[in-house]
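Please look slowly through the sequence and the model shown here, and keep both in view while reading the paragraphs that follow.

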Amino acid sequence: MDRKDFGSWLQGPRERTSADAQYRGREIGLPQHGPGSVAGFGIRLVGVLIDWAIASVIARGLFGVPLPFSQPPASGGQSFIVLAVFGVMHLLLVGTVGFTIGHRIVGLQVRSLGGSGRVLPVQALARTVLLCMFIPAVVWDRDGRGLHDKAPGTVIVRTR
């Protein structure tokens with residue numbers, strides 16, 4: 001990481017990619033397409049939305065939190081209950097099997113860049129905390145990794 005990583009947002013998303021057709025994941029040794037390649041934003045968003053829907057249903061069943069778009073709407077504190085359920089789900093699933101239910105449905109997996117590729121519990125914890133803060137999840141590098149992946153040394157890849 002260098003100062004260009006922080007300043008390149010001023011010039012836009014294409015500034016940090018060169019004209020020689022670099023692809024997401026090239027610098028970390030991942031293939032351009034197929035299994036093992038870096039997952040795109042759209043498919044990751046679908047996975048997160050599935051996980052959020054599951055967390056909402058669990059929060060409804062365990063804590064009586066209203067479902068999204070229901071009347072009366074959830075209060076601020078109740079929304080944090082859904083976030084907490086989402087975080088616990090994410091921490092337990094990514095820390096043990098390497099994917100959440102939403103990731104599994106859309107064909108994604110979280111992998112560690114070091115060692116065996118298996119996500120360590122401390123990596124899962126750091127990733128979950130940063131993901132729940134939201135902002136680190138929407139700030140990416142040129143490999144398509146958010147700060148919530150870059151800090152713990154993980155990457156979301158396609159499994160199919």
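In which loop is the place of F134? F134 sits in the loop between helix 5 and helix 6 (147-150), where helices (H or I, at least four residues) and strands (E, at least two) are DSSP runs, numbered from the N terminus. F134 is not a glycine, and yet it has a positive phi of about 70 degrees. At 51% relative accessibility, F134 counts as exposed, in a scheme where buried means under 20% relative accessible area, exposed over 50%, and partly exposed in between (1.4 Å probe, protein chains only).

Before going further, please keep in mind that this is a predicted model, in which local features need pLDDT of at least 70 and side-chain atom pairs count only at pLDDT 80 or more, while totals for chains, interfaces and linings use all residues. Residues are numbered from 1 along each chain as its sequence is written, and side-chain values use heavy atoms, with hydrogens and water left out.

Seen as a whole, the protein has 6 helices and 2 strands, and from the N terminus on its elements run α-α-α-α-β-α-α-β. Buried residues make up 36% of the 160 residues in the protein. Of the contacts with a separation of 6 or more, 60% are between residues 24 or more positions apart, where contact means heavy atoms within 4.5 Å.

The UniProt record, an unreviewed entry, lists residues 41-59 and 80-102 under "transmembrane region"; its positions are given in the numbering used here, feature names are shortened, and annotations may be inferred rather than shown by experiment. In the model, residues 41-59 are 100% helix and 0% strand, with end C-alpha atoms that lie 26 Å apart. Residues 80-102 are 83% helix and 0% strand, and there the end C-alpha atoms are 20 Å apart.

How do the helices lie against one another? Two packed helices are described by the angle between their axes and the distance between the axes. Here the axes are lines fitted to C-alpha atoms, for helices over the stretch in contact, and angles run from 0 to 180 degrees between N-to-C directions. The axes of helix 2 and helix 3 come within 8 Å and cross at roughly 115 degrees. This crossing is right-handed; a crossing is left-handed if the near helix is turned anticlockwise from the far one by less than a right angle, and right-handed if clockwise. The residues that make the contact include W52, I54 and F63 of helix 2, and I81, F86 and M89 of helix 3. By class, the contact of helix 2 with helix 3 has 13 nonpolar, 1 polar and 1 charged residues, where Ala, Val, Leu, Ile, Met, Phe, Trp, Tyr, Cys and Pro count as nonpolar, Asp, Glu, Lys and Arg as charged, and the others, Gly among them, as polar.

Helix 3 (residues 76-96) also packs with helix 5 (residues 121-132), at an angle of about 155 degrees and with their axes 9 Å apart. Helix 3 and helix 5 are therefore roughly antiparallel to each other, since angles under 35 degrees count as roughly parallel, over 145 as roughly antiparallel, 65 to 115 as roughly perpendicular and the rest as oblique. Helix 3 passes helix 5 in a right-handed crossing. Among the residues that meet are L83, F86 and H90 in helix 3, and A124, R127 and L131 in helix 5.

The loop between helix 2 and helix 3 holds F69, which has a positive phi of about 65 degrees although it is not a glycine. F69 counts as exposed, at 87% relative accessibility. P72 is in the loop between helix 2 (41-63) and helix 3, and the peptide bond from Q71 to P72 is cis, with omega near -5 degrees.

Some buried residues complete the picture. G102, in helix 4 (residues 101-106), is buried, with a relative accessible area of 0%. Leaving aside neighbours within four places in sequence, G102 is in contact with G47, I50 and D51. G102 and V46 are 56 residues apart in sequence, and 7.5 Å apart in space, C-alpha to C-alpha. Q123, found in helix 5, is buried with a relative accessible area of 10%, and, not counting residues up to four places away in sequence, Q123 touches S112, R118, P152, G153 and T154.
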